[in-house]
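Biologist: I have not seen this structure before. Please take me through it in questions and answers.

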Amino acid sequence: MKIKHQIRRLQISCPEPFDVEKILLQSHKHRMLFRAFEEHMMCCSKCFRTVRKIHKFYEILEKELQKKASPEVVAFAKSVYSEKSEV
Ligand SMILES: [Zn+2]
């Protein structure tokens with residue numbers, strides 16, 4: 001009698017963009033889910049586009065974070081915080 005080994009694969013359908021981001025950000029924690037999504041994304045143009053948009057977003061965010069904060073914005077933020085702590 002032969003025993004057939006089957007590789008169980010997790011198959012997923014399109015997650016919401018918010019969940020796509022979570023899958024990507026927590027890829028180290030949930031390897032199976034990440035691999036399943038990676039496989040899904042290869043043949044799903046919708047999720048592929050979502051990943052590209054997320055990538056673009058983080059690229060812009062990274063650039064913005066490298067810029068120096070404007071002194072006016074910092075002063076405004078400080079005044080808002082001090083008003084809040086007084087209440
Ligand atoms: Zn999809």
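Biologist: Which residues does Thr 50 touch, not counting residues up to four places away in sequence?

Modeller: This is a predicted model, where local features need pLDDT of at least 70, side-chain atom pairs count only at pLDDT 80 or more, and totals for chains, interfaces and linings use all residues. Residues are numbered from 1 along each chain as its sequence is written. Two residues are in contact if their C-beta atoms, placed from the backbone, lie within 7 Å. Leaving out residues up to four places away in sequence, Thr 50 touches Pro 17 and Val 20.

Biologist: Is Thr 50 buried or exposed?

Modeller: A residue is buried if 20 or more other C-beta atoms lie within 10 Å of its own, exposed if 12 or fewer, and partly exposed in between. Thr 50 has 21 C-beta neighbours inside 10 Å, so Thr 50 counts as buried.

Biologist: How many buried residues does helix 3 have?

Modeller: Helices are DSSP runs of H or I with at least four residues, strands are runs of E with at least two, and both are numbered from the N terminus. Thr 50 lies in helix 3. Helix 3 is hardly covered, and among its 22 residues the count of buried residues is 2.

Biologist: At what angle do the axes of helix 1 and helix 3 cross?

Modeller: Axes are lines fitted to C-alpha atoms, for helices over the stretch in contact, and angles run from 0 to 180 degrees between N-to-C directions. The axes of helix 1 (residues 17–25) and helix 3 (residues 45–66) come within 10 Å, and they cross at roughly 65 degrees.

Biologist: Which residues of helix 3 make the contact with helix 1?

Modeller: Helix 1 contributes Pro 17, Val 20, Glu 21 and Leu 24 to the contact. From helix 3 come Cys 47, Thr 50, Val 51 and Ile 54.

Biologist: What distance separates the C-alpha atoms of Thr 50 and Phe 18?

Modeller: Along the chain, Thr 50 and Phe 18 are 32 residues apart. Their C-alpha atoms are separated by 9.5 Å.

Biologist: Is Glu 39 buried, exposed or partly exposed?

Modeller: Glu 39 is found in helix 2 (residues 31–42). Because 14 other C-beta atoms lie within 10 Å, Glu 39 is partly exposed.

Biologist: How many helices and strands does the chain have?

Modeller: From the N terminus on, the elements run α-α-α-α. The chain has 4 helices and 0 strands.
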